[in-house]
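This report is meant to be read alongside the sequence and the coordinates.

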Amino acid sequence: MGSLWTGIRRFFHWGPLTAMGIIKVISFVTLYMNAMWWPPNLTIGGLVNQTIFLMLSSLTVFNFVMSSVTGPGFVPLGWRPKDNKIQDELQFCTVCQGFKVPRSHHCRRCSRCSMKMDHHCPWINNCVGWANHAYFCYFLGFAVIGCLHATALLSGALYRGLNRHWYIMHGRESLATVHLTMWTLVLCVFSLGLSIGVVIAVGMLLGFQVRAIVRNRTGIEDWIVEKAKYRREGTDETFRFPYDLGVQQNVAQVVSWSCEPVGDGIVWEVAEGCDQYSLTREQLAQKADKRARTRRYSIVKRATGSWVPLWSQGICVSVQPPCTDEPRIELDVGDIVNVTRWRKYWLFGEKANSTRKSGKESSEKAIRGWFPRRCAMELVESEDNIETYISKKSK
């Protein structure tokens, strides 16, 4: 009951409410315009047409709500494998204070490790993953089909309404059934624009999800595989993605009439020559490489944590931010940061020897994010020289 209430609370957020508002505006305006253009109470064709659209709209709403409420399936807090020997094969989450099951990733928005996490979707205010992948894909599919239908109905009704007087002048009153007022015209054009936008934007996302299903590979795993191939460039070693079982079996793991997820989200069927921990071992190796590339920086100018630090850092830093929604962090002079990613004007790293409480939770989160590059200096000299440099800058 508690998990159900948590899922329902997630739905009352700007993302799901906005998405539901768009769906309902398109649906109500389409039904109203179509009732004038092709009255369902006068013709069988109009009734069938209206029924099909209502079915598409209802299926879109149902799968949208279910994908939001169901969620991806979260790894139990403090989860540990029964066999202690395989702990070295798994990653450990310092926030959830437990090991990550294969294919899971920690979502900082949900503050939990999500099973088979693809991405965090703000429109459903939840992650897309193992438990709700089918609902999410069905939602995308019905939304695209429904908005294609709505685009055709709204376009036809708008054409009839704009040419109403022409039909009357030429004695074709039977075609002059759509009467547009100022408000219905505005709503019709607005809804038509929304439906076309949904077809384009959601259609692209649907394409990405179809590709993910066919490959049995999430968006995060795409990035892991890309780095795995990069690590092996110039060698005879190849990396095989362990969860690609062939198109038919890959699709069967997501697509079904019941939308019930396959398995338990912990143990996965793997390809021949692979095991349950083939991917996690690769992730651990990539993190080891990342730590080897880590450089320590000392903060020589305060970083405000602003996303657009125009006044403190200038226009070049402000107009060339990193293209990511990862956080910007506030740093004081003298702080030490372990940097793992570099951009021309920005650095990404974790503040050394410092954590912050995560609200009411007892767990602690590392302070990690982006900050302007000019605020820091790489520690290539002795600590005494760094302190001298900072004191000179402060004067």
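**The chain as a whole**

The structure is a predicted model, and the values given here are computed from its atoms. The protein chain contains twelve helices and 13 strands, and of its 395 residues 44% count as buried. Among the contacts that join residues at least 6 apart in sequence, 66% link residues at least 24 apart.

**The second largest pocket**

The second largest pocket has a volume of about 450 Å³. Of the 25 residues that line this pocket, the closest to its centre are Ile-23, Phe-139, Ala-143, Val-198 and Val-202. Two or more lining residues come from each of helix 2 (14-37), helix 3 (44-70), helix 4 (133-162) and helix 6 (182-215), and helix 4 gives the most, with eight residues. The make-up of the lining by residue class is set out in the table.

| Class of lining residue | Number in the second largest pocket |
|---|---|
| Nonpolar | 20 residues |
| Polar | five residues |
| Charged | no residues |

**Helix 6**

Helix 6, one of the elements that contribute to the pocket lining, has 34 residues and reaches 49 Å from its first C-alpha to its last, which is close to the 50 Å expected at 1.5 Å a residue. Its buried residues are Thr-184, Cys-188, Ser-191, Leu-192, Ser-195, Val-198, Val-202, Gln-209, Ala-212 and Ile-213. Val-198 and Val-202, which are buried in helix 6, are also listed among the residues closest to the centre of the second largest pocket. The buried residues of helix 6 pack against helix 2, strand 5 (119-121), helix 4 and helix 8 (247-252). After the helix comes Asn-216, whose phi is positive, near 55°.

Notes:
Residues are numbered from 1 along each chain as its sequence is written. This is a predicted model: local features need pLDDT of at least 70, side-chain atom pairs count only at pLDDT 80 or more; totals for chains, interfaces and linings use all residues. Side-chain values use heavy atoms; hydrogens and water are left out. On a 1 Å grid over the protein atoms alone, a cavity is a set of points where a 1.4 Å probe fits but cannot get out, and a pocket is an open set with protein on both sides within 12 Å along at least five of seven lines; lining residues have an atom within 4 Å of a point. Grid points are joined across faces, edges and corners, and a volume is the space filled by probe spheres set on the points. Helices (H or I, at least four residues) and strands (E, at least two) are DSSP runs, numbered from the N terminus. Ala, Val, Leu, Ile, Met, Phe, Trp, Tyr, Cys and Pro count as nonpolar, Asp, Glu, Lys and Arg as charged, and the others, Gly among them, as polar. The expected span of a helix is 1.5 Å times one less than its number of residues. Buried means under 20% relative accessible area, exposed over 50%, partly exposed in between (1.4 Å probe, protein chains only). Contact means heavy atoms within 4.5 Å.
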